[in-house]
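Subject: Handing over the structure

Hi there,

Here is the structure I promised to pass on to you. Have a look at it first, and then read on for what turned up in it.

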Amino acid sequence: MAITPMQKINIIGMNSSKKTILKEIQKMGLVEITQIHPNLLKHILGEDKYFEGKEELDFDIAEIRFAIDFLNTHFTGKKPGLLESFIGNKLKTTKKEIEIAKRFDYKKIISELKHLDIQITNIENNLEKINTSMDQLKDFSSLTVSISELKSLKNYNVVIGTISQSNWNAFYKKMRNIKLAAFQSFSPIEEKDKKIYLIYKVDEETQKKVNTVLSEANFVPADFLLSYSDTPKQESARLTEKKKQLIQEKNHLIKKIQDYMQYRMPLMCIFDKLS
């Protein structure tokens, strides 16, 4: 009598319905339900890698799953499809592969992969911040005065921000009607919005008038510029160099991750046997 090849399946359901689901599956007579037993774990991984209790087992399965997913993210070979990922790895594990899984320190490998993941995540976060900053600075490229120069004017008010094209003419007219001491400077850009910087010295009463005009024009302050020192163009050039450096560091880490691909299959073997 021929025996039909078996495949592993994962069934996801509510814990409250577990008994009902298992009962119905057993009635079908098509599924063999296997519970992971400590003695089976000893046989699979060896005495030194045997888990004490379900909580530790669940934790290690999650850790191994992380390592596999992380390596799959950077794997250049054929990746599993959506359905294959859902129903399981379906590995045809050989005795040789189990022996390999026994010999290497998978916990140490997972720890090293976590460190690489943190490094790459930090670089990607920094790249995202740089891209955001460069987009913001691009809008103020016409500002030729260094930010540090503006900030050094301690006795003056410095306002940098955006006013929409439709509000610009009314804003400009109202600002000219205000008697500002010292000097004022407007730097409009003929685009969708007007980007301005305004330097002035006023008393408290005049400041209230300025605030009213800014509010009526729906002025959006660009306070982020005050965290820089040079002109927007100079700061953008500096960020461009920093971006290149971070990309080089990321590429170096990705190459380093490729060295860990040799552990991908053994990790999948262990996960396939434990999950």
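To start with a question: what share of the contacts in the chain with a separation of 6 or more comes from residues 24 or more positions apart? The share is 80%, where contact means heavy atoms within 4.5 Å.

A word on the ground rules. This is a predicted model, in which local features need pLDDT of at least 70 and side-chain atom pairs count only at pLDDT 80 or more, while totals for chains, interfaces and linings use all residues. Residues are numbered from 1 along each chain as its sequence is written, and side-chain values use heavy atoms, with hydrogens and water left out.

**The overall layout**

The chain has eleven helices and three strands; these are DSSP runs numbered from the N terminus, with helices being H or I of at least four residues and strands being E of at least two. Along the sequence the pattern reads α-α-α-α-α-α-α-β-α-β-α-β-α-α. Of the 275 residues, 32% are buried. Here buried means under 20% relative accessible area, exposed means over 50%, and partly exposed lies in between (1.4 Å probe, protein chains only).

**The cores**

A nonpolar core is a set of buried Ala, Val, Leu, Ile, Met, Phe, Trp, Tyr and Cys residues joined through side-chain atoms within 4.5 Å. The largest one has 37 residues, and those touching the most other members are Ile 64, Leu 113, Ile 160, Leu 225 and Leu 267. Two or more residues each are given to this core by α3 (54–73), α6 (106–138), α7 (147–151), β2 (193–200), α10 (232–258) and α11 (264–274). Helix α6 supplies the largest share, ten residues. There is also a second, separate core of 14 residues, with Val 159, Phe 171, Ile 178 and Val 210 among them.

**Two helix pairs**

Two packed helices are described by the angle between their axes and the distance between the axes. The axes are lines fitted to C-alpha atoms, for helices over the stretch in contact, and the angles run from 0 to 180 degrees between N-to-C directions.

Helices α6 and α10 pack at about 160°, with their axes 9 Å apart. They are therefore roughly antiparallel to each other; angles over 145 degrees count that way, those under 35 as roughly parallel, 65 to 115 as roughly perpendicular and the rest as oblique. The crossing of α6 past α10 is left-handed, meaning that the near helix is turned anticlockwise from the far one by less than a right angle (clockwise would be right-handed). Sorted by class, their contact has 14 nonpolar, six polar and seven charged residues. In that sorting, Ala, Val, Leu, Ile, Met, Phe, Trp, Tyr, Cys and Pro count as nonpolar, Asp, Glu, Lys and Arg as charged, and the others, Gly among them, as polar.

The second pair is α8 (residues 165–177) with α9, at an angle of about 175° and with axes 10 Å apart. These two helices are roughly antiparallel as well. Phe 171, Lys 174 and Met 175 of α8 meet Val 210, Val 213, Leu 214 and Glu 216 of α9 in this contact. By class, the residues are five nonpolar, no polar and two charged.

**Some residues to look at**

- Lys 209 sits in helix α9 and is partly exposed, at 48% relative accessible area. Its C-alpha atom is separated by 9.6 Å from that of Lys 174, 35 residues away along the chain.
- Asn 218 is in the loop between α9 (204–216) and β3 (220–221). Asn 218 counts as exposed at 55% relative accessibility, and its phi is near 55°, a positive value in a residue other than glycine.
- Tyr 200 belongs to strand β2 and is buried, with a relative accessible area of 1%.
- Arg 264 lies in helix α11 and counts as buried at 10% relative accessibility. Leaving aside residues up to four places away in sequence, Arg 264 touches Leu 71, Asn 72 and Phe 75.
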